[in-house]
Amino acid sequence: MRWCLSRSLALLFLATLAARVPADASASIPSPATHKIDFRSEIYPILKDHCFQCHQGSSPSSGIRLDLRAELTGENSGKPLVEVNQSSKSRLILLVAGKVPGKIMPARGPRLSAVQVGLLRAWIDQGLAWDERLLPPLERTAKHWAFQPVQRPDVPTVKDKTLVRNPIDAFIVAAKEVRGLQPVPEATRAILLRRLTLDLTGLPPTPAEVDAFLADRTPQAYDRLVERLLASPAYGERWGRHWLDVVRWADSEGYESDHIRPFAWRYRDYVVRSFNADKPYDRFLREQLAGDEITPYSDENLIATGFLASARLSSNEEDKARQRNDILVDIVNATASTVLGLTMNCAQCHSHKFDPISARDYYRFQGFFIQGAPNNLALRDPAGWKAYRAVKPPEYDAAVRLKQILHDQARDQLLRERRAKLTPAQGSALATPEEKRSAEQQRLAREADLLLQILESQIEKAIPETDRPLYDELKKKITALEKQMVDKPQTFGFYSPVSSPHKVEMLPMKGFYPPPYHPEELARARPYLLRSGEVHERGPAVEVGWPAVFGPTPSAKVEKHPRTALVDWLVQPNHPLTARVWVNRIWQYHFGRGLVATPNDFGFRGARPSHPELLDWLASELIRSGWSTKHIHRLIVGSNTYRQSSRMNPINKERDPENRYLWRWTVRRLEVEAIRDGLLAVSGELDRTCGGPSIVDDPRVVRRTLYLLQKRQKAPAVQGLFDGPTGATESCPKRALSTVPLQALYLLNNEFSVLRARALAAKVRHEAGDHTERQITVAMRRVLGRAPDDEERSAARAFFQATSRETESALIPYCQALFNLNEFLYLE
Amino acid sequence: MNDHPGRTPLTRRAMLQQAGLGLGTLALSLLLADEQRLLADEGGQLDPAKLKGKAKHVILLFMGGGPSQVDTWDPKPLLEKLNGKEVPASIARDIPRIARAPLQNLYASPYRFTRQGKSGLPVSELFPEIGKHIDDLCVLRSCRHDTPIHAPAEYIATTGTQVGDRPSLGAWINYGLGSANRNLPGFVVFATGESGRAAAWSSGFLPPSYQGVLTTPAGFPNLATPEGFSPASRKAQLELIERLNRHHLQRHGEHADLEARIRTYELAARMQTSAPEVFDLGKESSATRKLYGLDDRETVEFGTFCLLARRLVERGVRFVQLRSGGWDAHGNLIKNHTPQARKTDRPIAGLLTDLKRTGLLDQTLVIWGGEFGRTPAAENAGPTPGRNHSPSGYSMWLAGGGVKGGQCIGATDDVGYAAIDRPIHPNDLHATILAALGVEQHSLYYLHNNRKELVTVNGGEVIRAVFA
């Protein structure tokens with residue numbers, strides 16, 4: 001939930017209004033004019049002279065603008081200022097006629113005359129005619145570059161053709177030539193090997209890989225290297241982690257109680273597998289957004305819905321409507337950021353100030369997800385069930401069933417007692433269908449819902465004395481039996497019993513107040529515009545759909561399989577955003593900065609692309625290749641642009657100090673995963689096992705960082721130090737890169753670093769014996785992939801001489817020193 | 001953020017580079033002056049030298065669990081008369097209807113209040129030592145918000161909203177002003193009590209390096225040289241790292257990030273040599289140790305935090321957050337508040353005395369308070385009543401840093417339930433804390449998702465009366 005200033009103000013305002021009694025409600029409002037109204041000559045001048053000074057444009061007073069018809073009718077905000085054909089009920093009229101206590105409009109300047117009010121009334125009563133030439137609807141946005149369909153541009157011709165290895169270079173070189181940027185040399189082969197290996201797999205090359213690559217002088221050596229790396233399972237572990245950042249995935253619920261989601265790891269593994277398989281991006285999106293709707297059923301599709309299920313969830317939230325809405329808000333924001341590259345967040349509470357996304361659009365979009373919920377979902381995995389049954393003690397099922405009966409009896413009894421305590425007004429409010437409840441009844445129903453909400457702990461207390469010994473015994477027995485058992489095969493995913501054609505069993509979730517799961521309520525769920533984003537301020541019902549600026553949503557299709565319809569739209573070849581947003585992310589992870597520098601914001605306020613045509617060319621390549629991510633990788637890493645050296649060039653620096661036009665490789669620090677994994681790799685300890693449940697961080701854990709338990713409230717400390725994921729509270733499009741002394745202290749003093757240094761030293765000693773010169777070389781080759789030069793050798797010798805007198809072994813601190821080298825920690 | 005239409009401010013780094021100072025001495029000294037802040041440029045940082053506020057440092061004494069206002073800083077004589085009775089309708093009318101706010105069975109404070117100091121403000125017998133400083137305290141009696149649940153309320157108090165995903169105040173100030181001591185982090189946290197409240201010192205959407213460094217009296221994490229490293233071998237190791245990194249830089253050619261990273265080793269080494277000194281309380285006289293209650297089993301823990309807070313502030317740390325958990329007096333008020341107060345009274349009084357003695361109080365804003373207060377009504381009817389959570393009207397106090405002491409601001413109703421005069425939302429308090437530092441609340445910002453994020457995202461009004 002995102003709090004906004006306007007939201008709190010609006011609530012305050014509503015509260016103030018409610019508290020006051022109308023002062024002169026009885027006084028009459030001037031009657032409407034009786035003639036046919038002409039907007040241009042009779043209404044427009046009133047609005048212009050008396051209202052527009054404050055109430056027009058993108059930052060109007062109180063957020064209320066009168067220069068858009070849709071704002072007057074409340075179409076965008078759910079807060080209508082006029083009721084078309086009913087001027088006497090229109091807030092605009094009440095305000096100008098002084099019928100709203102404590103408030104009169106215009107707030108400044110003369111009041112409207114009775115004649116003017118009468119004209120406005122007639123205008124409203126006659127259907128609120130409008131002149132779009134005079135006051136056009138929001139349109140600037142339809143012209144916004146990112147909302148235009150992708151057009152495959154021609155590859156530009158450049159002066160110096162030797163600089164062009166593939167079309168990417170043509171676009172880059174053309175832009176450089178315009179700006180007078182000079183070519184820089186290609187990086188050395190050793191650097192290219194290191195750059196590619198770290199970039200594609202997140203691991204440094206081994207000495208053997210270095211030797212093999214440097215020895216291979218054939219023209220295909222580079223391409224072969226690329227193929228080897230793209231085929232390595234480590235590729236998916238590296239690039240999957242990028243995706244997990246964007247989709248705000250974690251192993252726990254977040255908020256205060258932050259329960260672990262013991263099966264969330266399956267989605268993490270799904271992402272890794274998908275990257276490794278080069279799953280077409282359109283298919284990848286379909287599985288993640290609509291996996292439960294896809295026919296035929298597969299476990300893999302269900303696991304993929306972990307994208308939606310990664311929403312944070314406050315299991316301490318007693319207000320179930322709020323709890324559910326917070327999840328939906330999280331899902332909408334993450335989906336829009338991830339796939340569309342749009343920040344819809346703002347529109348939760350008010351129409352977006354800069355982008356053409358209204359609050360109505362927001363809740364229409366929410367509608368796609370409203371009939372589903374995150375849950376622990378049983379998989380069909382036959383081997384998993386076989387394993388489960390194989391070790392299940394025979395008496396287990398009976399014990400569980402009996403305990404459930406006692407539990408349900410107590411719950412039903414409690415429910416009866418609570419129902420009996422409801423006031424008649426509460427009872428009738430509950431009995432009234434939701435959409436027919438008055439505001440007061442809505443409040444009463446909410447009260448009643450809270451009263452009827454029964455917590456697990458209350459049920460336990462309510463077990464009758466006679467049943468208690470049996471109940472306690474069963475509990476103990478079940479716990480004991482479960483210790484010998486394995487978990488049922490399950491995943492933490494998102495499932496709609498309404499739109500999914502498949503039956504999926506829900507398994508229990510942990511938490512004090514896990515969200516209730518009621519298929520019948522999900523079936524009834526319809527999207528409503530929530531005023532100011534407040535779950536209990538329900539506005540008009542809206543139709544499920546994507547933002548109106550992208551055109552009409554076919555309602556019949558959406559009705560049946562809403563999320564499938566959403567994906568169908570997203571992956572249309574002429575969709576303006578999906579492909580652009582994805583190729584831009586790929587580009588960013590390769591070069592450190594996207595062609596659009598704001599990867600989660602392609603909207604009006606986002607950055608303009610540095611190379612718009614290249615962006616479109618890549619987007620169309622993605623689609624042409626059948627949405628192949630690896631195809632884009634091959635193009636990028638195969639280009640001269642990617643192979644440039646990072647050398648400084650004073651003239652270029654003068655002309656493009658930020659290297660926006662990519663005249664050289666930008667050296668940047670590695671991410672926390674590549675640093676921690678790199679230490680393990682060079683010390684020879686890295687356990688390359690792929691996948692499985694997450695592991696609690698500990699200096700002795702030697703799996704890749706990807707597999708450390710991602711608890712939102714307590715992420716591994718090293719991640720906080722090196723700008724890795726911490727709270728996963730929202731989509732993270734780009735990590736920060738800080739350089740602080742605490743990082744140096746970690747690499748110098750933390751037990752993890754010391755353990756790696758010891759292990760590396762042991763390896764080096766094994767290979768080089770006690771021969772110092774050989775140790776110097778072997779250690780450096782393992783860490784940096786190359787032998788020391790003269791200066792480095794002499795520095796190392798000096799160190800060994802100074803230290804050997806002090807300690808038994810200078811080798812360990814020498815090895816550890818190498819972990820601290822910029823060359824080791826930076827992508828060059 | 002140079003890609004935004006209509007805005008082309010230079011990052012500081014770009015400025016240095018454009019001035020041709022990439023590796024020059026000026027650039028280096030600037031880099032050194034504030035390593036962290038220079039390397040994360042999203043606008044909205046401030047130059048501490050130009051700020052006019054009296055306060056240069058903040059010490060937040062966070063009383064987790066929620067101390068009761070009517071037993072601490074907001075005495076209500078009427079409660080004596082109404083003990084066991086209902087809240088009179090005339091008062092009940094203005095009490096917000098939120099969960100856990102019963103109106104029956106008022107419970108008179110079991111603690112005596114006496115007027116103290118020149119100001120004659122009433123002080124509860126819970127705080128005999130802090131009471132001696134009453135003329136330096138500005139008591140805020142009308143703090144309020146709407147959330148009667150611990151964690152969300154703690155997040156409102158520390159981050160401004162209840163979700164717990166925004167940057168904490170300490171992280172904001174660390175980001176905006178940096179540490180005045182390049183050898184020490186800018187934001188240090190000591191905590192006892194409930195775990196899992198890390199959001200209260202997290203960096204939210206700011207770069208993670210601005211989060212509070214959770215510390216123990218043993219020192220910062222990763223400060224101790226590992227076993228097997230003699231001082232001489234460590235020194236030689238650092239020299240080796242420096243030499244190899246310099247060599248690499250030379251081969252590579254000018255690069256501000258690589259250069260800055262080399263410098264972090266100097267900073268780390270200095271931190272490593274200076275930090276143990278900060279945490280070495282053996283250097284303090286026995287009188288000082290006694291002042292903070294280090295001679296008493298009950299007060300030694302929080303006393304150590306307080307003494308370390310003074311030592312950190314003295315050395316330039318910008319924000320120190322001390323958390324004393326456990327004020328959640330549901331079952332038995334006396335059994336809870338009496339020892340809780342005893343644990344903290346002497347240490348906090350010692351801190352105030354010491355800060356004053358060393359002249360630091362003038363430039364250090366000290367803040368005392370919890371995530372909310374407690375109900376004037378009893379929580380259970382037995383012989384040992386407790387009090388439930390109540391965010392509708394509770395007390396905090398401020399001292400030092402230009403604050404005018406010996407005064408009270410705001411008021412609750414006659415039973416101490418709801419703030420009725422000059423309600424102070426945590427957002428107002430945040431604006432006020434920034435003001436004490438000389439920071440106008442809109443001048444400190446961070447561009448996140450293209451939105452200019454502020455500390456006081458929901459607004460916040462500076463309480464001017466706080467200042468002298």
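In this predicted model, helices α11 (residues 300-314) and α12 (residues 333-357) of chain B bring their axes within 8 Å of each other. The axes cross at roughly 20 degrees. Angles under 35 degrees count as roughly parallel, so α11(B) is roughly parallel to α12(B). The crossing is right-handed.

Which residues does α11(B) bring to this meeting with α12(B)? They are B:Phe302, B:Gly303, B:Cys306, B:Ala309 and B:Arg310. Sorted by class, the contact of α11(B) with α12(B) holds seven nonpolar, three polar and four charged residues.

Now step back to chain B as a whole. Its secondary structure comes to 13 helices and 16 strands. The chain has 468 residues, and 56% of them are buried. Take the contacts in chain B between residues at least 6 apart in sequence: 76% of these join residues at least 24 apart.

Domain 1 is written in two pieces, 42-215 and 289-466. Domain 2 covers 221-279. How far apart do the C-alpha centres of these two domains of chain B lie? The separation is 39 Å. Contact between them involves seven residues of domain 1 of chain B and seven residues of domain 2 of chain B. On the domain 1 side of chain B, the residues touching domain 2 divide into three nonpolar, one polar and three charged.

One residue, B:Ala468, deserves a stop. B:Ala468 sits in the segment after β16 (451-454) of chain B. Is B:Ala468 buried or exposed? It counts as exposed, because B:Ala468 has 9 C-beta neighbours inside 10 Å; the cut-off for exposed is 12 or fewer. Leaving aside residues up to four places away in sequence, B:Ala468 touches B:Gly402 and B:Lys404.

Next, look across to chain A. In the contact between the chains, 60 residues of chain A meet 63 residues of chain B. Several helices of chain A each supply at least two residues to the side that touches chain B: α1 (5-19), α33, α36 (790-804), α37 (811-819) and α38 (822-825). Which of them gives the most to that side of chain A? It is α33(A), with eight residues. By class, the side of chain A that touches chain B has 26 nonpolar, 20 polar and 14 charged residues.

On α33(A), the contact is made by A:Pro741, A:Gln743, A:Ala744, A:Leu745 and A:Leu748. On α9(B), it is made by B:Thr264, B:Tyr265, B:Leu267, B:Ala268, B:Met271 and B:Gln272. The residues of this contact of α33(A) with α9(B) divide into eight nonpolar, three polar and no charged.

How values were computed
Residues are numbered from 1 along each chain as its sequence is written. Chains are lettered from A and ligands numbered from 1 in the order in which they are written. This is a predicted model: local features need pLDDT of at least 70, side-chain atom pairs count only at pLDDT 80 or more; totals for chains, interfaces and linings use all residues. Two residues are in contact if their C-beta atoms, placed from the backbone, lie within 7 Å. Helices (H or I, at least four residues) and strands (E, at least two) are DSSP runs, numbered from the N terminus. Ala, Val, Leu, Ile, Met, Phe, Trp, Tyr, Cys and Pro count as nonpolar, Asp, Glu, Lys and Arg as charged, and the others, Gly among them, as polar. Domain bounds come from an automatic or database domain assignment. A residue is buried if 20 or more other C-beta atoms lie within 10 Å of its own, exposed if 12 or fewer, and partly exposed in between; C-beta atoms are placed from the backbone. Axes are lines fitted to C-alpha atoms, for helices over the stretch in contact, and angles run from 0 to 180 degrees between N-to-C directions. Angles under 35 degrees count as roughly parallel, over 145 as roughly antiparallel, 65 to 115 as roughly perpendicular and the rest as oblique. A crossing is left-handed if the near helix is turned anticlockwise from the far one by less than a right angle, and right-handed if clockwise.
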